[in-house]
Amino acid sequence: MVPQTKKENRFLGGAFLAGFCALTVLICFLWYRTEAAFPDMVGRSLSIAEQQLVISRNSPLTSYVSLTVNGDFPRKEKIKKITIHHMAADLTLADLGASFAKRDRRASANYAIDSKGQVGLYVEEENRAWTSSNEENDQQAVTIEVANDEIGGMWHVSDAAYEKLIALCVDICRRNDIKRLVFTGDSDGNLTFHKMFSARTECPGPYLESRMSDIAWRVNQQLATQE
């Protein structure tokens, strides 16, 4: 083996440094492009005025806003569906927001309802949330997570949460020109739940699953009286 000269070593060192710098610049550029792709109010703390502006574009029932970067901006399809989930926990809106804020979790929902019946917004309706293990569904659906006041068993939700779920569904339908919610028991209807799209989950749990027809009926009754 022919030993390398000092000049050759300097050349290799310089080439390595130049390559490292170029890679660093590329990574920074790609990071900047990714960050720039997010809407302005996503992934940061919002002032009260900014929160009110966000709420004005979405459901007026919202009382908490924490917009996550976990989503597609904007969604590719017109809103035609509502998909219901449960938290499998009794989280506060802020706790759920902190969970959705983690990029490596790669999960989110448009809305959530806590056990007190308060509504949180995490992905604006104009954007697709990562909720149902099915892009086609989530591109068309507003997704809602509901807190559980029973952990395990039927995964019951509080009466306050259930009543607010009805009210939120009515509001979503009204603002997005969904004339009726249709629950068919499979993904063909426009009222769906997570379990329809993934065999790895029991979401939204037996309680909410058993109430889907009631949800559709009650929402449609209220939509009919507003016509």
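1. Strands E4 (residues 111-113) and E7 (residues 141-146) run parallel and are joined by three bridges. Strands are DSSP runs of E, at least two residues, and helices are runs of H or I, at least four, numbered from the N terminus. Two strands pair if DSSP finds at least two bridges between them. Ala 112 has Glu 145 in E7 as its bridge partner.

2. This is a predicted model: local features need pLDDT of at least 70, side-chain atom pairs count only at pLDDT 80 or more, and totals for chains, interfaces and linings use all residues. Residues are numbered from 1 along each chain as its sequence is written, and side-chain values use heavy atoms, with hydrogens and water left out.

3. The open sheet has six strands, in the order E1-E5-E4-E7-E3-E8, with mixed pairing. Its edge strands are E1 (62-65) and E8 (191-193), each pairing on one side only.

4. Five aromatic pairs turn up in a search of the whole structure. Rings of Phe, Tyr and Trp (its six-membered ring) pair if their centres lie within 6.5 Å; planes under 30 degrees apart are stacked, over 60 edge-to-face, the rest tilted. Tyr 64 and Tyr 122 are tilted, because their centres are 6.2 Å apart and their planes at 50 degrees. Tyr 64 is in strand E1 and Tyr 122 in the loop between E5 (119-121) and E6 (128-129), so the pair ties together parts 58 residues apart in sequence.

5. Is Tyr 122 buried or exposed? Tyr 122 is buried, at 0% relative accessibility. Tyr 64 is partly exposed, at 25%. Buried means under 20% relative accessible area, exposed over 50%, partly exposed in between (1.4 Å probe, protein chains only).
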